[in-house]
Amino acid sequence: MVAHIAYENRRGLPDVFNERITAQTGHEILVFVHDDVWIDDYFLADRVIEGLKSYDVIGVAGNRRRVQNQPAWAFKTLIDGKFTWDDRPNLSGSIAHGAHPFGAISFFGSVPAECELLDGVFLAAKKSTLTDKSTLFDPNFDFHFYDMDFCRSARKNGLRLGTWPICLTHQSGGAFNSPSWREKLLMYRNKWEAGA
């Protein structure tokens with residue numbers, strides 16, 4: 001396993017991630033993970049290899065469906081600044097949150113499960129699968145909606161997405177509803193015509 005870390009990164013995540021997908025050399029399995037994540041799983045490599053035998057792209061949390069005007073993988077609506085969680089049977093996976101490793105676990109639903117959308121905190125895929133299907137991250141979504149857009153593109157290209165049991169602790173809960181997030185939501189909806 002070789003880490004390629006973008007220290008003090010000012011570029012959008014898609015630029016960093018696409019650099020590894022399009023690199024002329026490199027390893028076959030790629031893992032895209034936020035910089036504020038503790039990897040709590042002692043068997044990370046084994047779990048990723050195992051998960052990619054079942055799915056083309058894996059994540060730790062996701063949604064089995066996609067609905068019109070969906071504002072994030074876990075929510076079905078955003079009305080007047082208020083998010084409504086999607087119904088529990090549609091969600092899958094788990095992730096811990098906290099400032100230290102082995103934080104409090106948020107359990108979303110049974111895992112593994114085939115999904116339409118995955119949380120971008122952790123994504124893994126085979127490089128050859130992404131290049132064969134011309135699947136990249138859209139640089140227009142620098143820090144918000146890059147994951148939802150990537151999942152839509154992957155599904156459009158015929159790839160199977162799924163959650164896999166991998167233990168992580170994320171130090172952040174995200175920047176939902178910030179001005180930059182709302183700007184990217186509008187861009188995302190315009191790109192995909194607000195369709196399901």
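I29, V31 and I49 make up a nonpolar patch on the surface, with about 210 Å² of accessible area together. The model is predicted: local features need pLDDT of at least 70, side-chain atom pairs count only at pLDDT 80 or more, and totals for chains, interfaces and linings use all residues. Residues are numbered from 1 along each chain as its sequence is written, and side-chain values use heavy atoms, with hydrogens and water left out.

**Surface patch**

- A patch is built from residues with over 30% relative accessible area and no salt bridge, like charges being joined within 9 Å and nonpolar side chains (Val, Leu, Ile, Met, Phe, Trp, Tyr) within 5 Å.
- A salt bridge here is a side-chain nitrogen of Lys or Arg within 4 Å of a carboxyl oxygen of Asp or Glu.
- Accessible areas come from the Shrake-Rupley method with a 1.4 Å probe, and for residues only the protein chains shown count as cover.
- I49 lies in helix 2; helices (H or I, at least four residues) and strands (E, at least two) are DSSP runs numbered from the N terminus.
- The relative accessible area of I49 is 42%, which makes I49 partly exposed (buried is under 20%, exposed over 50%, partly exposed in between; 1.4 Å probe, protein chains only).

**Strand pairing**

- Strand 1 (residues 29-33) pairs with strand 11 in the antiparallel sense over 5 bridges, and I29 stands opposite K126 in strand 11. Two strands pair if DSSP finds at least two bridges between them.
- Strand 3 also runs antiparallel to strand 11, joined by 3 bridges; G59 has L123 in strand 11 as its bridge partner.
- Strand 11 (residues 122-126) has 4 of its 5 residues buried, so this strand is largely enclosed by the rest of the structure.
- Strand 5 and strand 6 (residues 82-85) are antiparallel over 4 bridges, with T77 opposite T84 in strand 6.

**Aromatic contacts**

- The structure holds 18 aromatic pairs. Rings of Phe, Tyr and Trp (its six-membered ring) pair if their centres lie within 6.5 Å; planes under 30 degrees apart count as stacked, over 60 as edge-to-face and the rest as tilted.
- Among them, Y55 and W164 are edge-to-face, at 6.3 Å centre to centre and 75° between the planes.
- This pair links distant parts of the chain, 109 residues apart: Y55 is in the loop between helix 2 (44-51) and strand 3 (57-59), and W164 in the loop between strand 12 (161-163) and strand 13 (168-170).
- Y55 is buried at 10% relative accessible area, and W164 is buried at 9%.
- F75 and F176 are also edge-to-face, at 5.6 Å centre to centre and 90° between the planes.
- F75 belongs to strand 5 (residues 75-79) and F176 to the loop between strand 13 and helix 5 (179-191), so the pair ties together parts 101 residues apart in sequence.
- F75 is buried at 9% relative accessibility, whereas F176 is partly exposed at 38%.
- One aromatic cluster is formed by W73, F75, F83, W85, F108, F141, F145, F176, W181 and Y188.

**Cysteines**

- A search of the whole structure finds 0 disulfides, a disulfide being a pair of cysteine sulfur atoms within 2.5 Å.
- The sulfur of C151 has its closest cysteine sulfur in C115, 8.7 Å away and too far for a bond; C151 is buried at 0% relative accessible area.
- C167 is in no disulfide, and the nearest cysteine sulfur, that of C115, is 17 Å away.
- C167 is partly exposed, at 43% relative accessibility.
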